[in-house]
Amino acid sequence: MLDTSRRKLELLAEAVGVDVVARLRPLAAAGTVVLELVGSCEAGSVVLGELDLRCLMTDATCGTADAQRNSTAVITTQPPITTNSVTTTNNITPRVAAPVPSTPVHPHLPTPASSDAGDDAARPSKRPRKPPPPSAGLFPDSKCGLGLLERIWYTLYRGPPLTLSAHATAAGAYPLPKPQPGTMSHATFHSLNTSYSALFATARGTRIHETILQATWTRVFSARLSALADSPPHRFSSPTELRQVALTEAASAFSISVKELRNKLAIWQSYAALADAGGWAALVFAGDGVYTICKYRRGLDSTLFDALRRLRAPLELAADTLHPSWRRLVGEELRFAGHPHAYTLTPAGPVPLALSYPWTRGYQLIDACVLDSTAWGARDPRRVCDAAEYDCGVCGARQAEDAANACRCFPDLFGPTAVPAARAPVQVFDTGTKGNGVVARWPLPAGVAVGEFVGLITRGVSGADVMAAGGRDGAEKYQISQASVGNWTRFVNHSCAPNAQFERFVWRGVERIVVVVVEGKGVADGEELTVDYSGVYWEGLEKVCRCGAKGCRYSGPERIRGGDGGGCGRGAADDVIPAT
């Protein structure tokens, strides 16, 4: 242990540019070593103090990069102090986050910082934003460390489009057999096992296909157990004995040992349990990590299976609309075609928007704003400057649509890493009390942008659904109408305690209105995304707010003046978008 620590010390000293003379002094606490340092440099000798080596001795090997990362964290002139400071690189000033309420936040995403939302949270924010941390996107760079349900949503929203290999649609491979209990004779079982053995060999190396086949084979195995229990020779056998008979028969057909098949069966039955709870989509989009999770049963508890049963319809809706070819893997027909936000999730399942709101008939979902040529001609009123190159007004970095982009303010919306609005991890759902709303399907960290408020760029509209914007930084005043075109932001409801807000952001000289998670909060997966429409929306409106927030400002009896007491958000059919 001490020799390893000395080597790590040499690498550490080399990284910080100091020649070190040191004594290693073990303490009574197990695994704790304190290093007394005396360093020499051009300025002479200097006592550096004590270095707690516990964090350096957690690994048997250490590279220069590790030493560089650890050097600023552990070399101090005082005993080590535990803080909530943030260690940063690339000359970014560290920022200390204030205590945050217990909001569910994904462990691999930035921790929310504390900030007041303000009374005008519904308006595009006029406050200067602090530059977000590098790569402050909605999703982590990989699925490493994610739970099973998180892996499913990650694959659905950030995974590449699902492609099928040739054998997935080969004649005779699908549809998969669906045996009936009590009809599985020994001859039928042997014949199916022979067929599955050939299918396993064909699918080897393609995890999705293997997993589906292995899960479906467990149904064949269960059918054989039922048939054995009803047959005269085994009618009074114990379940363990029946299981051993079926395993022996199957192992013979697969040309493997009974022990090996027993171990495989435990994993395959976990696959089947996932598919039974969350549908085939849960198993298909769990990704490669599902094998390890099922082998060691990490997180496979009642909480997970209850969540999968509750989210079965949302998972299938996202899978059908984002990966429309996936059902061919299991021999099923597509149930939900088209845009993922063209459906409303109801207690009875997903229904087209037109059935939940008649006014959405013919509504067009778009990714970017459309210019009203009758109002503006060919001129875009959102443009604040026209130049060959653009620098971000928030972080100061270069903005570009290609690899030259250095601005990482909202990487999911702008630049080469931008994704279509259809892949925003949200779904439209029926709130039950205030019309449609928007629910998050992924933990949204504070400060990130979830989507852009898009629609028809127009002007001169009164008494209709519009968002008033512009008038700052050289932009003309204009309106964004979502009456006939728009995206999911059309259905974001009001709350007197919102978890998001509209903000202005200039990308390559053009002003954009984006939905940003309020600093200090964050949005948990399964939580409704809301904004504050502000008093501009509520003034003179004969409606009662139904947000249900503590201290709601617009739910008092004085607001009932013959109105219908309708919903409190744009999800309600007769609501209007705030003109700010």
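The model is predicted, with local features needing pLDDT of at least 70 and side-chain atom pairs counting only at pLDDT 80 or more, while totals for chains, interfaces and linings use all residues. Residues are numbered from 1 along each chain as its sequence is written, and side-chain values use heavy atoms, without hydrogens and water.

Phe189, Leu192, Asn193, Tyr196, Phe200 and Ala203 are its buried residues (under 20% relative accessible area, 1.4 Å probe, protein chains only). They lie on the same side of α4 because their arc around the axis is only 105°, taken from the directions from the axis to the C-beta atoms. These buried residues pack against α5 (207–230), α6 (239–254) and α7 (258–284). Just after α4, Gly205 has a positive phi of about 95°.

Further along, the axes of α9 (302–310) and α10 (312–322) come within 4 Å and cross at roughly 60°. Leu308, Arg309 and Arg310 of α9 meet Arg312, Pro314 and Leu315 of α10 (contact means heavy atoms within 4.5 Å).

Ala421 sits in the loop between β9 (398–399) and β10 (426–430). It counts as buried because its relative accessibility is 17%. Leaving aside neighbours within four places in sequence, Ala421 contacts His341, Asp367, Asn487 and Trp488.

Methods
Buried means under 20% relative accessible area, exposed over 50%, partly exposed in between (1.4 Å probe, protein chains only). Helices (H or I, at least four residues) and strands (E, at least two) are DSSP runs, numbered from the N terminus. Axes are lines fitted to C-alpha atoms, for helices over the stretch in contact, and angles run from 0 to 180 degrees between N-to-C directions.
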